[in-house]
Each structure stands twice: as structure tokens, then as C-alpha cells.
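Hello,

Here is the structure we talked about handing over. Please open it first, then read my notes below.

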Amino acid sequence: MADPNGFLKHTRADGAKRPVDDRLGDWAEVYAAIEQPQRDDQVRTQAARCMDCGIPFCHSGSAGCPLGNLIPEWNDLVRRGDWEQASERLHATNNFPEFTGRLCPAPCEAACVLSISHDAGGAVAIKRVEQAIADVAWESGTVQTLPSGISTGKKVAVVGSGPAGLAAAQQLTRAGHEVTVFERDDRLGGLLRYGIPEFKMEKKVLDRRLAQLRAEGTRFITNCEVGVDLPVEKLREEFDAVVLAVGALRGRDTPETPGRQLRGVHLAMEHLVPANKFCEGDGPTTIDAAGKNVVIIGGGDTGADCLGTAHRQGAIAVRQLDQYPQPPTVRDDDRSPWPTWPWVLRSYAAHEEGGERLYAVAVESFVDDGTGQVRAVRLRKVRVERDASGRRQVVPQSEEVEEIPCDLALLAIGFEGVEHMRLLDDLGLALSPRGTLSCGTDWQTSSPGVFVCGDAHRGASLVVWAIAEGRSVASAVDTYLTGASDLPSPVHPTAIPLSVV
């Protein structure tokens, strides 16, 4: 039984970060390493704030965690010091809690009952507890390989090695199928590898989980673009089912903006991928912010990743632009009432390291220095509105134009969906108007035996949704191949987070 007064006895405390000057000098994770006994004691105190609510919205699929993580259960196990059982309960619903503990923005915390009122001291630090459980499990050797004791004789191909593909592969391997994961990049992990900066998640965290998958029997093939290096005809001949977990990597661009063609104007991933390859030891990055005035267009997660990367590369100054007004620091109950995802100002570790954020502005043009290189951007104050059909419109609010210096502009304005690829053409699959791949209630596309999950189905979303869809599609594939499945299926293909209409 949890302590119902725990939140009254203890205040919320997030993990301590390393000093800014220290972390700007390397690419290591921003959080400070502390001795295990001290860390465990701190996290047990934070877990004690959980009341084990009668209706725990934190693991509600619509408001909180789509994985259905048994949060009150493992919070109480941690409070009591039973780390091994806490790990068992956590891994029962989440294949990769060390990923979500570091990268997920935590809709579970937004849905925590202690988030109803600011006077309650803030949500339980669920992310911190989750990461600690996973880290303790690895340190103590609790994480074990779980090879299947049976073989179905069925072969499954998983295309893409991001979190959705890896979750589907691990579940299907454990169900006794022979699973091969195909990755077109030179290393495994998808955006976990090349989109997420090292300072948010060191890649050794990813590599140890990949080693577990290999030990369980999952096979991996890199540098292989299915549809090109492996023809679809051969794919169909060799495998009984195919899972498409190819992501939604087509970056949103603004080709209509004057000066977009200038040197020094890039999509965010053109900056982040080579920076991550540099951290892998592949040599100097091709797009370096060192000694430059950097302007990041976009106020979300990807923009913050570019911000932290530019700082570590030695940028002179960094400005991050957002078309929307500055959000409030506390939840606006009229706009986003509990337990929906709140519209609030989100500051990441990168924002503590420097830079400036400008709100309610948009780029009118990129300015040429006379040689085809960007030297500045011109901004105008704007307001985002919706027209009669609900389409978003960016409306200028003034004739006044501000010019700010810019040697490197990074477009971090989201993703438009799945990239156009021969694989889809050869499978006879067309993208939806949202740029995604549609499926039926069984996660199967219009091409028989071909399933889809993750961002390729949902559009660019959270790591926790990717894992949830990977687990769910594994159950569907298992049913397709054997007639029934005991694998969990935490989300339905049409599931969406709770929101205000």
C-alpha cells in the first residue's frame, strides 16, 4: 500500500544536472552522475510521493501512458526498495524503459493526479523513477536475455530499426518467430541513433539493448534499403510477414521563402545526423555551427536538439524562433484542462545553456551576403489563425521588419510524413493525405501480409507511442501467422491522446 501522505511529506525533485560549462565541453548526458546509494535513496523518496490513486490516470491509454505502464505498482515497489520486482513490472509493459526514461516528454506526469493543482507540488517524478529502475536493472544484472523456447518456423521482416521496429522485433522473436530487421543506415537505431543528440541519450544505452536483442535471436542487416538493395519480390519470397517501421522522416520545408536556396540554410536533420556521426567517430561534421550566428526556426524538441548541438559546436550566438506566442508557465485550465497534455512553456536542458527564444515571429526572407551565402534573416511579428476550413494561417501583424544576423539557419518545423521510396511503390502502397501509411484494425496495410507501426502509421510522434505501436503490431502479426497470440496489444490503430476539441 502506497503512502497517501507521501506528497505532503516530500517535494518533487528532478535529477541534478552537471554544470553548464562542464557539459558544453563534451557530448555526455547532461545529468550528473551520483553515487548509487544516494541516487537510490533520492528516487525512493520521489516514488513515495505516488498515492496509488483509485483511478490512476498516469497509465490511462488516452490521457497518460499509451504503453499502460503500471506506474503506481512500480512506484510503490521502489518506495519499498524492491528494485528487482519493480524492474519486472516495468519491463512487463515497456521493452525499453531506459529510452523512455530519458526521451519521453512524459504524458504520464501531465496526467498525474498531483498535476490537478499547482499547490500539490507538481506531478510525481515518474520519468526519473522509470529511468532509475532501468539503470539499476542493468547495473545489477537483472536485465536478462529471454530467448523463445519454441520455433514457429515463420519468418518476419521488420523494415526500420527505430523504437517501433525494435519493439516489434523483440516481441516477435520472443514469440518464436525468426525475425530479421533491415536498416538502410550504417548503424542501427533510426532516430534514436542519428536524430537524438548524445547529450540526451548516450548511444551505449542503445547498444546494450541491441546486444540483448541479438542474444535473443533477432537478426540485423544494415546498409540495406529494402526495395533497392533487397527487391520486394525477394522480400515476399523469403518472409511470411513484413512490418514497416520506416518512420516519418520527410522534413517539412519552406521552399517558397525568399532566400531558402542560399548556402547555410538547412533542414534540422541535415545538422543533427552528421553531428551524431561525429560522436560515433566518423570524422568532422559537414555542417558546423562553430563561430557562427545560428538561427533555429521552430520551437519544439527538434529545435532544442539543434540548440544544444550548436552550443557544443561553439556557436557565437543562437536564436530560436517560434510562430506562436510564449506559453504560460502553468497550465491554463480553460485551454488544456487536466488530464490533457498542457499548453505550457517547456524549457529543456539546452535552454539553460544559452541562446535566446523569440516568440510570435516568422521568417520573411533569408538575406544573401552577395556570394550565395546567408548572412541574416528578416523577421515579422505574426499571429497563427485558423480559417473557416480549419487550415492554419500565419498572419503578419505589422509592416515592421527586423533583421538579425545569421550564418547558419536550421529549419526545425516538423515532418510531413513517410519519405517517398521505391519499397512503397513496389508494395502498391500509397501515402494518406497526412503522409502516413494507413492500416486496418489488425495493423495490416492494403498489401496482404504487410503491417505498419510507429511514425510511419501515426506521423511524427513520441517514443512511447512508437514502442506501444511496435508491441501492438507484434501481437497482430503473431495472430496473422499462428491464428492467435498471447502478446500484449496496448493500443488500437485509431487510438489518439485525449485532447480538447
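Start with the contact between helices α9 and α18. On the α9 side, P163, A164, A167, A168, Q171 and L172 take part. They meet V463, A466, I467, G470, R471, V473, A474, V477 and D478 of α18. Sorted by class, this contact holds eleven nonpolar, two polar and two charged residues. Keep in mind that this is a predicted model.

Now the geometry of that pair. Two packed helices are described by the angle between their axes and the distance between the axes. Helix α9 covers residues 163-174, and helix α18 covers residues 463-482. Their axes come within 7 Å and cross at roughly 35°. The crossing of α9 and α18 is right-handed.

Next, the sheet. It is open and has five strands, in the order β6-β14-β7-β8-β9, with parallel pairing. Strands β6 (265-267) and β9 (356-359) stand at the edges; each has a single partner strand, so one side of each lacks a neighbour in the sheet. On average, neighbouring strands of this sheet are turned by 20° against each other, direction ignored.

How many bridges join β8 to β9? Four, and the two strands run parallel. Strand β8 spans residues 317-322. R319 has E356, in β9, as its bridge partner.

Helix α13 (residues 268-279) lies across β6 and β14 (408-411). It runs at about 75° to β6.

Best wishes

Note on methods
Residues are numbered from 1 along each chain as its sequence is written. This is a predicted model: local features need pLDDT of at least 70, side-chain atom pairs count only at pLDDT 80 or more; totals for chains, interfaces and linings use all residues. Side-chain values use heavy atoms; hydrogens and water are left out. Two strands pair if DSSP finds at least two bridges between them. Axes are lines fitted to C-alpha atoms, for helices over the stretch in contact, and angles run from 0 to 180 degrees between N-to-C directions. Contact means heavy atoms within 4.5 Å. A crossing is left-handed if the near helix is turned anticlockwise from the far one by less than a right angle, and right-handed if clockwise. Ala, Val, Leu, Ile, Met, Phe, Trp, Tyr, Cys and Pro count as nonpolar, Asp, Glu, Lys and Arg as charged, and the others, Gly among them, as polar.
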